[in-house]
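Hi,

Here is the structure I promised to pass on. Have a look at it first, and my notes follow below.

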Amino acid sequence: MTEQLYRANAYLRDCEARVLAVNERGGIVLDRTVFYASAGGQPGDKGVLEIDGVGICPIATTVYDADKATIVHVAPEGSALPSPGQAVHAVLDWDTRVKLMRMHTCLHLLCALVKFPVTGGQVGAEEGRLDFDIEDASAVDKDRLTADLNALIAADHPVSERWITDAELEANPGLVRTMAVKPPMGSGRVRLVGIGEDGVVDLQPCGGTHVRSTGEIGRVAVTRIEKKGKLNRRIRVAFA
Ligand SMILES: [Zn+2]
C-alpha cells in the first residue's frame with residue numbers, strides 16, 4: 001500500500017520517495033507519494049519524477065492498481081524510467097492540482113446548495129459538473145446558483161477534515177450525498193470533509209483534495225444546466 005501524503009496535507013507539492021516497482025507499461029509504484037490517484041470524479045495528478053543519474057520522468061496521470069491501495073504513477077511510452085530501489089523526487093504539476101482542489105471544493109458547495117440526490121460528477125481544472133436527480137427543472141436556476149455559490153465563496157468558510165469509523169458512517173447514512181460515488185470505505189475509517197464551523201455548510205465523506213477555505217476557490221459561474229434523461233440534471237460550473 002502506498003503512503004498517501006496528500007491525505008494528511010493536500011498542499012504538499014513534492015516529496016522524496018523510493019521506487020518499489022516498475023511495470024512494463026510504464027507504471028511506477030513508490031513507497032509514498034503526493035500524487036492523487038484518480039477516484040471519485042477527480043482526475044489523477046500529473047507531474048514529474050526527478051531521478052538521480054537518469055533525469056526527468058514525466059507522469060501523465062496517476063491511478064490505483066487493482067488492489068485499490070497501491071498507487072501507480074503512469075509515465076508516457078518511451079520515458080526514461082527509474083529502477084526499483086532508486087530514490088526519486090516526486091514533483092506535482094501544482095498549477096493543475098490547485099485548480100482541481102479549488103473546483104473540487106466548489107462542487108461541495110454546489111452539492112450543499114442543490115438539495116437533491118447526486119448521481120455523478122467530474123472535477124476538471126477549468127470546469128466541474130455534478131448530476132442530480134431533479135424532476136422539476138424549475139427547482140434550479142443558473143443565475144441564482146451562481147450568486148449563492150459566490151456568496152459562500154466570499155464568506156471564506158473554513159474547510160476541515162476528520163476521520164470517523166466505517167461503523168459511524170453506516171449509523172449516519174444521511175451523510176452520504178453521492179449515490180454514484182461510494183465513499184472510500186473498507187479501510188475501517190472514512191474521512192469526513194466539513195465546510196463551515198462544524199460542517200454547517202456541507203459535511204460528507206470524501207477522499208479528494210480540497211482547499212483550506214472557500215475564499216481560495218475564487219469567483220465561479222454556473223455555465224449550464226442540462227437535461228440528461230427524465231430525472232437527471234447536469235449542472236456545470238466554471239471559474240469566472
Ligand atoms: Zn471532496
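To start with a term: a pocket here is found on a 1 Å grid over the protein atoms alone, as an open set of points with protein on both sides within 12 Å along at least five of seven lines, and its lining residues have an atom within 4 Å of a point. Grid points are joined across faces, edges and corners, and the volume is the space filled by probe spheres set on those points. By that count, the second largest pocket comes to about 150 Å³.

Some ground rules before the rest. This is a predicted model, where local features need pLDDT of at least 70 and side-chain atom pairs count only at pLDDT 80 or more, while totals for chains, interfaces and linings use all residues. Residues are numbered from 1 along each chain as its sequence is written, and side-chain values use heavy atoms, with hydrogens and water left out.

Back to that pocket. Its lining consists of Arg7, Ala8, Asn9, Ala10, Tyr11, Val159, Glu161, His210, Val211 and Arg212. Helix 1 (5-8) and strand 12 (159-165) each bring at least two of the lining residues; helices (H or I, at least four residues) and strands (E, at least two) are DSSP runs numbered from the N terminus. The lining splits into 5 nonpolar, 2 polar and 3 charged residues (Ala, Val, Leu, Ile, Met, Phe, Trp, Tyr, Cys and Pro count as nonpolar, Asp, Glu, Lys and Arg as charged, and the others, Gly among them, as polar).

One of those lining residues, His210, also turns up at the zinc ion. Along the sequence the spacing reads H-x3-H-x97-C-x3-H. His104 sits in helix 2 (residues 94-113) and His210 in the loop between strand 14 (202-205) and strand 15 (220-228), so the two tie together parts that are 106 residues apart in sequence. His104 is buried at 7% relative accessibility, and His210 is buried at 3% (buried means under 20% relative accessible area, with a 1.4 Å probe and protein chains only).

Helix 2 also holds Trp94, which is buried with a relative accessible area of 12%. The C-alpha atoms of Trp94 and Leu12 are 9.2 Å apart, with 82 residues separating them along the chain.

Then there is strand 16 (residues 232-239), where 8 of 8 residues are buried. Strand 16 pairs in the antiparallel sense with strand 11 (residues 127-133) over 7 bridges and with strand 15 over 8 bridges; pairing requires at least two DSSP bridges between the strands. Phe132 faces Arg233 of strand 16, while Ile225 has Ile235 as its bridge partner. Strands 15 and 16 form a hairpin with 3 residues between them, and Gly229 there has a positive phi near 90 degrees.

Enjoy looking around!

Notes:
Donors = N, O, S within 2.8 Å, 3.2 Å for Na, K, Ca; no water. Buried < 20%, exposed > 50% of the residue type's maximum accessible area, 1.4 Å probe, protein only. 1 Å grid on protein atoms, 1.4 Å probe; cavity = no way out; pocket = protein on both sides within 12 Å on 5 of 7 lines; lining within 4 Å.
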